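Morning, everyone. Please have the model open on your screens. I'll take it piece by piece.

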Amino acid sequence: MGKVDVGGGAPVSVQSMTTTQTTDINGTLQQIAALTAAGCDIVRVAVPTTDDAVALKAIATKSQIPVIADIHFQPKYVFAAIDAGCAAVRVNPGNIRKFDDQVKEIANAARDAGVSIRIGVNAGSLDPRLLAKYGKATPEALVESAVWEASLFEEHGFHDFKISVKHNDPVIMVRAYELLSERGDWPLHLGVTEAGPAFQGTIKSATAFGALLSKGIGDTIRVSLSAPPVEEVKVGIQILQSLNLRPRKLEIVSCPSCGRAQVDVYSLAERVTAGLEGLDVPLRVAVMGCVVNGPGEAREADLGVASGNGKGQIFVKGEIVKTVPEAMIVETLIEEALRIAATMEKTSEGGGATVTVG
Ligand code: SF4
């Protein structure tokens with residue numbers, strides 16, 4: 001199981017959560033392997049029962065990426081997860097019984113094992129005392145819950161933790177993280193909780209993460225989608241690439257098409273995208289419908305086509321290298337892209353780091 005630093009200047013990492021039964025060790029490990037292949041940095045698994053806690057050891061041992069045990073209600077599973085070798089444990093101050101009384105023991109056990117903690121406050125399970133005080137899960141209520149729990153850990157000299165204050169409304173969520181970032185410099189795990197099906201959840205997450213990350217708030221992200229977890233990872237990576245927080249890989253610059261288009265831009269862009277799927281190099285490919293913006297965009301890209309009059313002018317690094325009939329555009333772009341990709345070195349993500357593991 002690898003190590004991933006969170007906070008302290010480390011690159012923003014992408015997390016997801018398994019959807020398998022944790023007791024299904026093979027199924028869970030298979031899903032973790034798929035997430036790892038998709039670029040997931042850290043994975044969380046649910047631990048609702050004793051049998052799940054028992055399964056953690058095998059999962060944590062065989063996973064290639066750090067495993068976080070997600071614990072609600074039962075502090076005893078926190079100790080089980082630490083013993084099992086999980087990289088981190090997520091606790092929810094709103095619903096973990098007698099949690100506050102056991103912070104000292106948890107802090108000591110985690111410190112001894114080198115395990116980090118996430119204090120994961122969630123609007124749907126806010127501490128009843130704060131719900132009574134604020135009437136609902138306001139940004140202030142979420143932050144008060146998180147800061148209170150953080151202070152308990154800090155009283156016991158434990159600092160290897162990160163915090164999340166999730167809400168399903170991106171506006172409330174953004175405000176909560178802004179307030180939290182003013183209260184301390186803890187590493188922050190960003191998430192819009194229960195963000196919805198893929199389309200809506202992607203928009204909500206991208207909007208909220210963009211607002212926060214562009215201000216330097218946030219150290220690790222989890223996109224929550226009612227969709228397979230690999231999709232969460234793809235969206236998370238794309239958000240980081242769009243914010244230039246990760247090197248951009250394949251990027252298709254295609255125009256929306258309009259009444260001037262002299263070619264079917266949608267189909268062209270789709271076919272080029274499909275043909276280049278899996279290409280793991282930073283390549284910008286422009287697919288443009290006519291000569292208005294076409295040559296300009298195509299020149300700016302690594303590779304591009306400006307279409308018109310049944311032909312496509314193919315640009316490589318700003319120069320027209322050939323003109324091909326419309327029927328040959330896709331094939332030519334793919335061929336040129338693969339040729340350019342072969343000459344490019346794969347980019348590697350660097351980055352130092354300091355703080356939390358998992
Ligand atoms: S590039 Fe041409 S076809 Fe595409 S949107 Fe612009 S003007 Fe319309």
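One definition before we start: helices here are DSSP runs of H or I, at least four residues, numbered from the N terminus. And keep in mind that this is a predicted model.

Start at helix α3, residues 75-84. What follows α3? Glycine 85 does, and its phi is positive, near 90 degrees. Now look back into the helix. Its buried residues are Pro75, Tyr77, Val78, Ala81, Ile82 and Ala84. They share one side of α3, because the arc they cover around the axis is only 165 degrees.

Next, glutamate 149. Find it in helix α6, residues 139-155. Glutamate 149 is buried, yet it has no salt bridge. Which side chain of opposite charge is nearest to it? That is arginine 129, 5.3 Å away. What does glutamate 149 touch, then, beyond its neighbours within four places in sequence? Its contacts are Pro93, Phe99, Asp100, Val103 and Ile119.

Now the salt bridges that do form. The count comes to 15.

Pair one: aspartate 41 with arginine 246. The closest N and O atoms are 2.6 Å apart. This pair links distant parts of the chain, 205 residues apart. Aspartate 41 is in the loop between α1 and β3 (42-46). Arginine 246 is in the loop between α9 (229-242) and β10 (251-254). Are these two buried or exposed? Aspartate 41 counts as buried, because its relative accessibility is 19% and the cut-off is under 20%. Arginine 246 is buried too, at 9%.

Pair two: glutamate 144 with lysine 133. Here the closest N and O atoms are 3.0 Å apart. Glutamate 144 sits in helix α6, and lysine 133 sits in helix α5, residues 128-134. Glutamate 144 is partly exposed, with 28% relative accessibility. Lysine 133 is exposed, at 54%.

The closest N and O atoms are 2.9 Å apart. Aspartate 302 lies in the loop between α11 (294-300) and β12 (303-308). Lysine 317 lies in the loop between β13 (311-316) and β14 (319-325). So the pair ties together parts that are 15 residues apart in sequence. Aspartate 302 is buried, with a relative accessible area of 17%. Lysine 317 counts as partly exposed, at 48%.

Then the network. Salt bridges link Arg44, Asp70 and Arg90.

On to the aromatics. How many aromatic pairs does a search of the whole structure find? It finds 2. Phenylalanine 153 and phenylalanine 158 have ring centres 5.7 Å apart, with planes at 50 degrees, so that pair is tilted. Phenylalanine 153 and phenylalanine 161 have ring centres 6.0 Å apart, with planes at 40 degrees, so that pair is tilted as well. Together the ring pairs link Phe153, Phe158 and Phe161 into a cluster. Check the burial. Phenylalanine 153 has a relative accessible area of 0%, which is buried. Phenylalanine 158 is buried at 3%. Phenylalanine 161 is buried too.

Last stop: threonine 20. Where is it? Threonine 20 is found in the loop between β2 (13-17) and α1 (25-38). It is partly exposed, at 23% relative accessibility. Not counting residues up to four places away in sequence, threonine 20 touches Gly27, Thr28 and Gln31. With threonine 28 there is also a polar contact, side chain to side chain, of 2.8 Å. One distance to finish. Threonine 20 and proline 48 are 28 residues apart in sequence, and their C-alpha atoms are 12 Å apart in space.

That's my tour. Over to you.

Note on methods
Residues are numbered from 1 along each chain as its sequence is written. This is a predicted model: local features need pLDDT of at least 70, side-chain atom pairs count only at pLDDT 80 or more; totals for chains, interfaces and linings use all residues. Side-chain values use heavy atoms; hydrogens and water are left out. Helices (H or I, at least four residues) and strands (E, at least two) are DSSP runs, numbered from the N terminus. Buried means under 20% relative accessible area, exposed over 50%, partly exposed in between (1.4 Å probe, protein chains only). Lys and Arg count as positive and Asp and Glu as negative; His and the chain ends are not counted. A salt bridge is a side-chain nitrogen of Lys or Arg within 4 Å of a carboxyl oxygen of Asp or Glu. Contact means heavy atoms within 4.5 Å. A polar contact is a pair of N or O atoms within 3.5 Å; within protein, one must be able to donate a hydrogen and the other to accept it, and residues adjacent in sequence count only if both atoms are side-chain atoms. The arc is that of the directions from the helix axis to the C-beta atoms. Rings of Phe, Tyr and Trp (its six-membered ring) pair if their centres lie within 6.5 Å; planes under 30 degrees apart count as stacked, over 60 as edge-to-face and the rest as tilted.
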